[in-house]
Each structure stands twice: as structure tokens, then as C-alpha cells.
Amino acid sequence: MNENRHKLFIISSPSGGGKTSLIKSLFKDPRANSLWMSISHTTRQKRKGDLEGKDYFFIDEKVFKKKIDKGDFLEYAKVFENYYGTDKSLINSKLNSHNVFLEIDWQGAKNIKKIFPDSLSIFLLPPSYEDLKYRLIKRGLDSEESIIIRLAEAKLEISKSLDSDYLVLNDDFARALEELKTIIFQRENPDIFKSRVSSELIDNLLA
Ligand code: 5GP
């Protein structure tokens with residue numbers, strides 16, 4: 001990444017990992033005015049509460065594929081049967097004035113790391129598989145079929161988590177938020193956070 005440009009942060013987690021609430025709280029911190037949250041394009045159907053141009057730009061598959069052909073995406077991936085993509089020109093222009101925050105899956109994180117090796121990736125881990133399942137059911141946004149797909153996909157996502165620069169364990173909201181703030185606003189050493197995640201925890205999540 002060009003030295004004059006701002007920093008790119010990537011956050012990933014399995015669906016139901018609690019990233020939306022944490023990000024909302026993160027952006028309430030006064031230091032977050034230097035941070036811009038990217039808005040992806042997706043072909044997924046709008047869910048209750050989703051706002052066009054705030055949560056996503058909702059487009060159909062034909063338009064999405066046209067944008068792929070035109071090279072409009074910095075990265076894109078198929079996640080849970082739908083396409084999601086990060087707009088190239090939007091990110092490049094925002095990086096001139098802001099640190100940019102991307103909330104994307106592990107495939108996107110891997111591709112962004114190739115383009116921006118200085119970007120920092122953060123993976124949010126749930127304390128248990130049961131916790132994930134509970135959260136997905138409790139939030140009431142997904143169909144039963146979608147929950148099954150999301151839970152199956154979670155294992156793959158978690159297996160990729162060790163590629164991330166930072167692992168944050170979301171066992172306690174306030175603690176996870178503090179860790180996120182430390183990473184983003186103070187750029188602490190990644191090992192501090194990895195130490196809270198044992199190989200036993202990862203093994204249990206993948207069992
Ligand atoms: P949801 O449908 O729950 O909003 O998001 C589903 C998944 O798609 C999440 O894991 C989210 O991080 C991922 N995602 C959202 N936007 C993008 C994107 O632009 N690129 C990639 N690769 N993944 C994305």
C-alpha cells in the first residue's frame with residue numbers, strides 16, 4: 001500500500017459471530033471518525049431492517065456479473081449461494097482520506113491481502129459452536145434452511161481463521177470491543193490477542 005494512504009482493516013467471522021453489534025459500537029467511539037465502513041454489493045435478498053446504500057447495494061445477478069466483467073470489484077466471492085463484492089473505485093478513493101474497514105468473508109480477506117499486503121485482518125471467533133447456533137436462531141433474520149447453510153459454512157470459515165493477523169474471541173461483548181478498539185486505534189501486537197485463543201478452542205469449534 002502507498003505510504004501516504006490510509007490503513008485497510010478487514011473483519012471476518014462466521015455468520016452469527018456477533019460482528020454487526022461490535023462494529024456498531026466500535027463506530028460510536030470518537031476516534032472512529034477517521035474510519036470509513038465499506039458498503040458491499042450483493043445479490044442476496046434484502047432482510048428485515050436492511051437499508052439500500054447503507055447495509056449493502058442490492059443488485060441482481062445479471063448486474064453483478066456485468067460489474068465483474070467490467071473489473072469493478074476489488075474482490076468478490078460467492079457466500080451462501082449469493083454474490084458479494086467490494087467496489088474498487090470506492091475503496092481506492094476513500095483510502096485517500098480515511099482508514100477503511102471491510103466486513104467480508106475469508107475468501108475476500110485472502111484476496112484483499114494479496115492486493116494490500118499491509119492491510120490488517122481480524123477474525124472474530126465465537127466461544128462455541130452452540131453459541132453461534134443460538135445467536136443465528138435468536139436474531140430471527142434467516143430461514144431454517146439459511147441457518148443450516150450458515151452453520152455448515154462456519155466450520156470452513158473458522159478453519160481459515162488462523163491466517164488472520166488478529167484473532168478476537170467474542171466470549172464477552174465489552175472485552176471483545178475493547179480488543180477491537182486496541183487493534184484499530186492503537187495497533188497492538190497481534191500476539192496479545194492470539195494468546196486468548198487456545199488450539200483447544202479451535203479444535204472444539206471444528207469438531
Ligand atoms: P450477510 O448476508 O449475513 O450480510 O453476509 C454474509 C457473508 O458475506 C458475511 O460473512 C460477510 O462478511 C460476507 N460479505 C459481505 N460483503 C462481502 C464482500 O464484499 N465480499 C466478500 N468476499 N464477502 C462479503
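In the predicted model, I11 has I122 as its bridge partner in β8, and this pair belongs to a set of 4 bridges through which β1 and β8 are joined in the parallel sense. On β7, strand β1 (residues 8–12) is likewise joined by 4 bridges to a parallel neighbour, residues 99–103, with L8 partnered by V100. A further 4 bridges link β8 to β9, again with the strands running parallel, and here L125 stands opposite L169 of β9.

These pairings are part of an open sheet of 5 strands, ordered β2-β7-β1-β8-β9 and parallel in its pairing. Because β2 (35–37) and β9 (166–169) each have a single partner strand, they form the edges of the sheet, and one side of each is left without a neighbour in it. From one strand to the next, the twist averages 25°. Helix α1 (residues 19–26) packs on this sheet, where it touches β1, β2, β7 and β8 (120–125), and its direction makes about 165° with that of β7. Helix α7 (residues 173–186) also packs on the sheet, touching β1, β2, β7, β8 and β9, with a direction at about 160° to that of β9.

Within the sheet, β8 is mostly covered, 6 of its 6 residues being buried. In a regular strand, side chains alternate between the two faces of the sheet. In β8, L120, I122 and L124 point one way, whereas S121, F123 and L125 point the other way, and all of them are buried.

The largest nonpolar core comprises 19 residues, and L26, L35, F101, I122, L180 and I184 are those with the most contacts inside it. Two or more residues are given to this core by each of β1, α1, β8, β9 and α7, and α7 gives the most, with 6 residues. When neighbours within four places in sequence are left aside, L180 is in contact with I11, L22, L26 and I122.

Strand β3 (residues 40–42) pairs with β4 in the parallel sense over 3 bridges, and the bridge partner of T42 in β4 is F58.

The side chain of Y56 has an N or O atom 2.5 Å from an oxygen atom of the ligand. A polar backbone atom of G85 lies 3.3 Å from an oxygen atom of the ligand, while for R47 a polar side-chain atom is 3.4 Å from an oxygen atom of the ligand.

Technical notes:
Residues numbered from 1 in each chain as written. Predicted model: local features only at pLDDT ≥ 70, side-chain atom pairs only at ≥ 80, totals over all residues. Heavy atoms only, no water. Pairing = 2+ DSSP bridges. Axes fitted to C-alpha atoms, helices over the stretch in contact; angles between N-to-C directions. Contact = heavy atoms within 4.5 Å. Buried < 20%, exposed > 50% of the residue type's maximum accessible area, 1.4 Å probe, protein only. Core = buried A, V, L, I, M, F, W, Y, C linked by side-chain atoms within 4.5 Å. Polar contact = N/O pair within 3.5 Å; in protein donor to acceptor, adjacent residues only side chain to side chain.
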